[in-house]
Amino acid sequence: MALAAVPSVFADSGSAPSLSASLRTVEGVERLGLRFEPQPAIEAYELQASPGLGLPFQPVPVGPSDFQWTVSLGSDPAAMYRLEARGLDADVLWGTTLLQRIAYGPTPDELDRVRRIGPEAYLQEQIRAEAVPETLDVVDTAPRWQKVVITGTGSSSKLYIYMDGSGDAYLDDLRLVAGVGDDGSKPNLLRNGDFEASLAPDWTLSSNLVSSARSASIVHSGDASLHLVSTEAGESQSSSIFQTITPSLSASQTYTLSYWYWTSDKSARLTIRLSGSGIASTHDLSGSQNNPAPLFGKLKTAQATLADLRAWHVLRAVQSPRQLHEVLRQFLENHFVTEYTKTRDYFDGRGYDSPLPERLAVRTEFVENQRWREVLLRPAVTFHDLLKISAESPAMIIYLDTVTSRGDGKYVANENYARELCELFCFGVDNGYDQQDIVEISKVWSGWRLELLDAANEFNPLAARSTNYVNPAVTGSALNSNTNVVGVWGFKYRTDRHNNAAKHLFHEWDANGNRLGGKKVPDRFGAPWAGRDYSLSLPARSGNAGMQDGYDTLRHMADQPFTQEYISVKLCRLLVHDGFAHGYDFTDAETSPEEELVHQCMTVWETSTPKGQLRPVLETIVRSDLFRGHGGSLQKIKTPLEFAVSTVRALRVGLSDGSFSAETDGYGLYNFMNRAGRMRLFDRAEPDGYPEDAGGWISAGTLAERLRFIESALMPAGMSGKDDAGSNTRVNVLGVLQSRLGTDGIRDSGRVADTLLRLLFPAEGKANLEAYRKVAIDFLDTTDSGTISPLSSLTVGSTAHDQRIRGAAALLMSTQRFQEQ
Amino acid sequence: MNILTRRSFLSHATRLGLGAAMASLTDVPLVLQRALAEGSIGRPGLNGRVRKLLFLFLRGANDGLNTVIPVGDPAYYSSRPNLAIPDDPLQPASRIGTAIFPESGNASGIYAHPYSLSLGNGFAGLHPSLKFLSPVYNAGDLALIHRVGYPRQSRSHFDSQAYWETGAPSGSGTKDGLLYRAMLESGLANTSPLTGVTVGTSLPMILRGSKAAMMNIGDPTRYGLLSIPNTAAAKAKMSAALESADRARFAGKRDRELLELQYRNLSGTLDLFADLKFAEADNTFRDDVATDGDTDWANANGGGYFLFPTNNDKNGGWKRTSGNRADKYVVPTSSYDYFTRLKTASILLNDTDAIVSGVSIDGWDTHSNQVDDKNTAAGLGAHTGSHAGLLRRVGWTMYALQKHFTKYSNKCHWDDLVVVTLSEFGRTSIENSDGGTDHAEASVMMVAGGGVRGFEPDALGGVRRTGVWNCGGDGDRVVPWMTGPTGSMFRASGRYLQRNTDYRSVLGKLIRDHLGATQPQLDRIIPGYSSPEDSLASKGVQSRDNTTVIGEPEVV
């Protein structure tokens, strides 16, 4: 007897699945136990046997493996066995890994699309984001009929309709049906929901809505709609248009509410809800609820809160077709970290009353993000472009204390920005600089301050303070006080705060402070870098010319090998795995694939024209064997942001009525991110940014929050625990499954499990998911109390069926494998 | 399998050019971290128990001069006409002996005593709102360390808290927390479900870092899973299914070992937390004696006050058969949230393997109206007000913890615990015109625990060893308290109390000699600990601002 293994599909992993065997005799029959270690991304394992040396191998019929089989040796003691494993198609795997890493996780539609167009086309599309049409920030103001569908529990039998202030709205075809989803065939539990009959007696109008009436001019279907006319805000039965539903709804049952409303650019909000905490729908009339466009409008006009900014950021991550663009923006926001709170406190001390300090601080974060977004769309965007935006950002100037630093006269400039420019933004810790360099660079960043400028001068640091006054008639110092000046806060170069002396960066100095020669790139970098003199001497300059010190320094540092190395390693950690280190000896004979990839990135960086282009480096990384190879998938843990966004995306498909099966308003995800490891977007206190590595995020406590979030996000509206993910984070699991399986398939636990596994774990390989499949099917075919109850016995649309499949999806998304990307 | 030793691993790492990156234990495979860790942080001692630490962060900067009061310094009284606490004419601070504990009995209010409480070292007195420190002090379980700070003190709350929490000046490149690094050195940070855990709104910087996720618990009852529907039966079904799924085998990947460990920890702590008594109904912890001599309060039943005052009924002797009495509140009624958090932290230390826990008390930034009634003749109203209320929380905390970890000890005994207070700086020696004090430099640190080397009497009723450092008599240890208008209270910049102890020496002493770090570990936990110019380990001059310090105080 002999054992063999075939390494056919493991060309890059270097390890074939080897069988280990044990022999034992059971009831007089010799039996062979075969075990093997599961391998990455395998679709099928097959045991094959040959009756003897030189004879062909044939498949052995065996049951589900669980990575082990027992075969009866029978009459053929000379048999040889081997394991064949069929891996996931290489293109499918690469495409899936791209969706996990250069996007915020796959959506079902994107999975299908990338399989169709192929990973190469997807990569090209994402790299060249400017060619992808995207209108997420554009508000569609043309009035139209818009549909809302919401599923939840029947908390009471009273339905309220009201607005949040004075205003009017049109509403039609209001339906409430039992169960999940409404294809129009179920009976409407509301009377006169199409408003075809006169409002009385089915609808009762409270005094604040007493002018409401049927309208024949704007109608979705039939002859009339409801024209709501509100004189003041409603909140309960006595301030709403309401109906008591008969027979009563059941609090333990699921219902689906749907309606159409006429969009409007008026800033009013419409609420339709059951009394109590069941089904509730509140949104503005713009028709862009859960769209980033209205938030973008607030951000542009400095009306937005920090919560608005975060919601906008999250919504773009969920929805943007330019996914890599969004991933990179978050990377930059985190790499060039600034802290909202510190900016707000700065403005708080500048004479502004709440909420202005908050809004001004949000604006600084928004502006730097907008500038990054813009330059990222340029094909030849370089690291230097991105670095410069950060250096000029008022948020950064405040965050690392440049704003108060001065180097004129006897003043010693603040070292904070200089240190982090070396350590965190460009070179990496202890990489090519020392304390003397920090001191020299700190002198460069003297005079980089802020001023209230005319909007046209926002990016002109030489412009004078705005003299556009709110009230020009004010006298004395009040005239020029911040609150009396119309303008924007921008970078202002103050010649009288700058250290005008010559500066010598990256030089060697002796113990007496005498300057020796320039520093040389260490030997470990090898050719073409090793031995280069990378010193920079800046001449003494005064007046506006002194500002050039900063720009020369940025230009100089952006493309040094230290920066190339540090940023390449960070990008590899972002896109490949956490195990890339700083400080490789690139001349050492002993290299690892990680070291080689970093070296390739640096070479591409060095040789692109102009130097330091981002896109070739990104392509180098995602085309590498480490990224594409068979073992390359699922080597990273999702950050809280990635986890939350990928949760929504994983089950988000477009439905036929224009809505999506999974939605978030963006706001609901923040509490989770904060709880699951204090990921407070735009407001990190420490300058090193949020970690990429798993150890920084995963503990029992943070896992508890992740699992709570999954359950909460997948709950129907109104269930206790829904607050965790926010009532406006909604996932309609049935809708997703229906779109993939049709009405028959969603009663079949095996097909439901298969579909969920394919959507949630597309890179794992079917054969590796057998155990999850079994757990999911058991879950689907069992009641809460554990008795057997096949899914096929439940009525589609019933509460029991709905909760069974929501629970199964939540179960699979709560597993270890869903933490990975 | 090859056995990987620390040495062979590090030598391999060095060969790959990872020398610097590999200095920390976090790059070692998880299962080996514990085996390769030096020292004994988190390791059970001979008694089978792990030594633990609880920190109380007094955020906002505590007025050390009105905490442990230099009664023997006339400049204290001349600088603070409205805030100064008068010396007790009957038990003056000049006496030698135990600390004064003015028991109230049944009749008078708990905090009626308007005088400072002599600490028996001939010089210093406690603020009377700290009266419950006296029994802890007299048991030898409390060290009061005055004049604590660090070189080139920042007077910004933000910068200074960051310094205390990271163990290094802001902008120095140290970005993670001091106690976080101590937890990394234990080798348990990525494998044990709980190593460092705070109770509050968010994880403080002192436990933050990017190599291991420490835990903050806002509401311990949140530490449970949800299910669809959110019922007990559905939760049980969900948990069972998840555990089955967790047993599935998969191909090896980078983070799968960590995930598997932490999922196991999660399921372990879920069970654990389900058994812990976090609910208010289970808050039945009581003093073992008639507290403060009060024998007739309504809930007496032969025992003393509730240890964790979380509502009026559990707040000292308020609830009485004869009607309620506000002067029998042991802590202000605004402190119930804090004591709920303290209770949670105590339960975590006592009933789980957590090594470090902490809670914050906010509100110490007493720029104005530090006392209620500043115009009382002879300053006899100075013992009440906002600062007094904060001190009552601290005094009762130490008393309650001593009782709790003695009477209710499970995994942690008072003898294995150190409680330490942190506060970013002290306040101006001279009171301001608003009846408050502004940002200054040195302040007071308290260290309590069964193993603390505090007060010890001699056979004749005198003092063999005092529990006061740096404030009078033997307590001055190395740098005596200079009295008068140019004395210690004004030695820093001519305005502020000058430090003679670095807070890092106190924490270093505790981390090494209590928690069990080795000296090399301590050098990693507190950067530059052994460097001579900082004089953290032993007496010397701190070169950054040329100030003499005592090095490590022998508090444990």
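This is a predicted model: local features need pLDDT of at least 70, side-chain atom pairs count only at pLDDT 80 or more; totals for chains, interfaces and linings use all residues.
Me: Which residue of β15(A) is the bridge partner of A:Arg175?
Reply: The pairing of β10 with β15(A) is antiparallel. For A:Arg175, the bridge partner in β15(A) is A:Ser258.

Me: Which residue of β15(A) is the bridge partner of A:Lys147?
Reply: Strand β8, residues 145-153 of chain A, also runs antiparallel to β15(A), with nine bridges joining the two. For A:Lys147, the partner in β15(A) is A:Trp260.

Me: Are the residues of β15(A) buried or exposed?
Reply: One way from the strand point A:Thr254, A:Thr256, A:Ser258, A:Trp260 and A:Trp262. The other way point A:Tyr255, A:Leu257, A:Tyr259 and A:Tyr261. Strand β15 spans residues 254-262 and is mostly covered. Of its nine residues, the number that count as buried is nine.

Me: Which helix gives the most to the side of chain B that touches chain A?
Reply: The contact involves 52 residues of chain B and 74 residues of chain A. On the chain B side, α7 (232-246) and α8 (256-275) each supply at least two residues. With nine residues, the element that gives the most is α7(B).

Me: How many charged residues has the side of chain B that touches chain A?
Reply: That side of chain B has 28 nonpolar residues and 14 polar ones. The number of charged residues there is 10.

Note on methods:
Residues are numbered from 1 along each chain as its sequence is written. Chains are lettered from A and ligands numbered from 1 in the order in which they are written. A residue is buried if 20 or more other C-beta atoms lie within 10 Å of its own, exposed if 12 or fewer, and partly exposed in between; C-beta atoms are placed from the backbone. Helices (H or I, at least four residues) and strands (E, at least two) are DSSP runs, numbered from the N terminus. Two strands pair if DSSP finds at least two bridges between them. Two residues are in contact if their C-beta atoms, placed from the backbone, lie within 7 Å. Ala, Val, Leu, Ile, Met, Phe, Trp, Tyr, Cys and Pro count as nonpolar, Asp, Glu, Lys and Arg as charged, and the others, Gly among them, as polar.
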